[in-house]
Amino acid sequence: MLVKAIIAGFGGQGVMSMGLNLAQAALLEGKNVTYLPAYGAEVRGGTANCTVAISDEEIASPVASEPEFIIAMNEPSALRFQNQIQSGGLFFINSSLVEAELSRGDINIVSVPANSVAEKLGNPKAANLVMLGAFTKRSSLVSLPSLIEGLKYTLGAKQKLLAVNEKALRAGYELF
């Protein structure tokens with residue numbers, strides 16, 4: 001099994017932390033993982049994306065030319081990556097921010113109102129975790145308990161944020 005996912009958005013949306021959390025959860029489950037971040041020329045507010053590859057065997061290349069999964073947290077990312085996903089793949093869009101219709105009929109689109117759910121939870125910055133929870137449920141790449149356990153590692157010294165982040169993960173997971 002070798003599965004690749006691209007997570008994309010603009011700087012400040014937590015795109016890189018989504019990738020790190022996914023990679024950490026896969027590591028906790030004993031899988032081989034690569035994590036490849038990419039930033040636009042701008043710093044905050046510019047484009048950002050990362051590729052996460054998860055496999056039962058060694059991973060030869062972290063590059064994903066035709067990933068099985070894409071998460072687009074904003075409209076520019078959805079438009080940019082819609083032609084990269086392989087036929088039959090799952091394309092997750094943040095329907096709170098993406099209004100454009102994607103032109104591919106051979107992919108499965110999963111609309112997640114990540115920003116809206118995060119705002120209802122009283123934590124607008126947690127839209128990334130809402131999306132990651134929904135992604136985890138629909139993709140079945142890692143388990144929710146592994147994702148929550150991995151969150152402890154990626155939060156580092158910010159353990160006080162664990163409860164609100166776990167709440168956002170669960171809210172996204174329970175959307176499906």
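Student: In the protein chain, what share of the contacts between residues at least 6 apart in sequence joins residues at least 24 apart?
Tutor: Of those contacts, 55% join residues at least 24 apart. Contact here means heavy atoms within 4.5 Å. This is a predicted model, in which local features need pLDDT of at least 70 and side-chain atom pairs count only at pLDDT 80 or more, while totals for chains, interfaces and linings use all residues. Residues are numbered from 1 along each chain as its sequence is written, and side-chain values use heavy atoms, with hydrogens and water left out.

Student: How many helices and strands are there in the protein chain?
Tutor: The protein chain has six helices and six strands. Both are DSSP runs numbered from the N terminus: helices (H or I) have at least four residues, and strands (E) at least two. Along the sequence, their order is β-α-β-β-β-α-β-β-α-α-α-α.

Student: Let us turn to charges. How many positive and negative side chains are there?
Tutor: There are 14 positive and 15 negative side chains, and the centres of the two sets lie 9 Å apart. Lys and Arg count as positive and Asp and Glu as negative, leaving out His and the chain ends. The place of a charge is NZ of Lys, CZ of Arg, CG of Asp or CD of Glu.

Student: How many salt bridges does that give?
Tutor: The count comes to four salt bridges, each being a side-chain nitrogen of Lys or Arg within 4 Å of a carboxyl oxygen of Asp or Glu. One of them joins Lys31 and Glu29 at 3.0 Å, N to O. Lys31 is buried, at 16% relative accessible area, whereas Glu29 is partly exposed, at 30%.

Student: Which residue does Arg104 pair with?
Tutor: Arg104 forms a salt bridge with Asp106, with the closest N and O atoms 2.7 Å apart. Arg104 is buried, at 16% relative accessibility, while Asp106 is partly exposed, at 34%.

Student: What about Glu149 and Lys152 in helix H5: how far along the helix are they separated?
Tutor: They are three residues apart in helix H5 (residues 144-155), so about one helical turn separates them.

Student: A new topic: where does Met73 lie, and is it buried or exposed?
Tutor: Met73 lies in the loop between strand E4 (69-72) and helix H2 (75-81), and Met73 is buried, at 1% relative accessibility. Beyond neighbours within four places in sequence, Met73 has contacts including Ala8, Val15, Leu97 and Met131.

Student: Lastly, what is the phi of Ser140?
Tutor: Ser140 has a positive phi of about 60 degrees although it is not a glycine. Most residues other than glycine have a negative phi. Ser140 is found in the loop between helix H4 (127-139) and H5, and Ser140 is exposed, with a relative accessible area of 57%.

Key: Buried means under 20% relative accessible area, exposed over 50%, partly exposed in between (1.4 Å probe, protein chains only).
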